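Me: I have not seen this structure before. Please take me through it by question and answer, one point at a time.

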Amino acid sequence: MKHALRLMMPACALLASLAMACANGPDSAASAEAPAAASANPAAGQGEAVVTAQLRFEVLLQGSNSRAEEESIQVVRDARAFANLWRTLASFSAPVPDVDFDTRAILAAFMGKKRTGGYSIGVSKVEALLDGTVRVTLRSRSPGPDDIVTQAFTSPFAVVVLDAPKDAPIIIAYED
């Protein structure tokens with residue numbers, strides 16, 4: 001039997017997890033974690049992960065003209081790597097934002113080179129999962145056949161800072 005537990009506070013998730021363990025017997029705590037870990041990546045088709053909290057994120061830089069020619073996602077977890085990324089993106093002389101990498105991470109999403117305008121990418125939500133994984137959901141937009149778009153090459157991107165403990169795995173999901 002699958003249990004979908006959607007809670008907004010990590011403390012509530014811990015209490016609910018303990019309550020389930022007590023109700024199902026002493027060995028159920030270990031077995032309750034295994035399915036959540038196996039289903040942490042919904043793209044794997046193994047079920048839905050248990051969300052324990054919505055996490056904060058902030059868009060630092062977003063646009064349609066990065067230097068990235070290929071589609072990619074970068075997760076940055078230290079100041080030096082972030083400074084290098086920032087210098088390649090910011091065509092202006094903006095200082096590198098200060099980030100506490102013990103509690104936060106940087107995610108940079110690139111759509112790669114496109115033949116026209118009308119494309120965009122961004123983060124729609126960041127969630128903490130029961131197994132300690134952080135799931136980042138991306139949304140992308142492509143122009144429709146009747147859309148009026150710029151006739152120029154573009155390379156859409158988004159850079160966000162998000163709440164993520166230093167050692168938490170980060171997985172990516174895509175909105176439909």
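Me: How many helices and strands are there in the protein?
Reply: This is a predicted model. From the N terminus on, the elements run α-α-β-β-β-α-β-β-β-β-β. The protein therefore has, with helices and strands as DSSP runs, a content of 3 helices and 8 strands.

Me: What percentage of the residues count as buried?
Reply: A residue is buried when its relative accessible area is under 20%. The protein exposes about 10,600 Å², with carbon and sulfur atoms supplying 54% of that area. Of its 176 residues, the part that counts as buried is 35%.

Me: Which strands stand at the edges of the open sheet of 4 strands?
Reply: The strand order in this sheet is β2-β7-β4-β3, and the pairing is antiparallel. An edge strand has a single partner, so one of its sides is left without a neighbour in the sheet. The strands in that position are β2 (57-63) and β3 (72-76).

Me: By what angle are neighbouring strands of this sheet turned against each other on average?
Reply: The angle ignores strand direction, although the pairing here is antiparallel. On that basis the average is 15°.

Me: Is the aromatic pair of F82 and F101 stacked or edge-to-face?
Reply: F82 belongs to helix α3, and F101 to the loop between α3 and β4, 19 residues apart. The ring centres of F82 and F101 are 6.2 Å apart, with 65° between the planes. Planes over 60 degrees apart fall in one class, so the pair is edge-to-face.

Me: Are F82 and F101 buried or exposed?
Reply: The relative accessibility of F82 is 1%, and the relative accessible area of F101 is 10%. The cut-off is under 20%, so F82 and F101 both count as buried.

Me: Which residues form one aromatic cluster?
Reply: The structure holds 2 aromatic pairs, and one of them is F82 with F101. The cluster consists of F82, W86 and F101.

Me: Which residue has its charged end over the ring of F153?
Reply: K114 lies over the face of Y119, at 5.3 Å from the ring centre. Over F153, at 4.5 Å from the centre of the ring, sits the charged end of K113.

Conventions
Residues are numbered from 1 along each chain as its sequence is written. This is a predicted model: local features need pLDDT of at least 70, side-chain atom pairs count only at pLDDT 80 or more; totals for chains, interfaces and linings use all residues. Side-chain values use heavy atoms; hydrogens and water are left out. Helices (H or I, at least four residues) and strands (E, at least two) are DSSP runs, numbered from the N terminus. Buried means under 20% relative accessible area, exposed over 50%, partly exposed in between (1.4 Å probe, protein chains only). Accessible areas come from the Shrake-Rupley method with a 1.4 Å probe; for residues, only the protein chains shown count as cover. Two strands pair if DSSP finds at least two bridges between them. Axes are lines fitted to C-alpha atoms, for helices over the stretch in contact, and angles run from 0 to 180 degrees between N-to-C directions. Rings of Phe, Tyr and Trp (its six-membered ring) pair if their centres lie within 6.5 Å; planes under 30 degrees apart count as stacked, over 60 as edge-to-face and the rest as tilted. A charge sits over a ring if NZ of Lys or CZ of Arg is within 6 Å of the ring centre and within 35 degrees of the ring normal.
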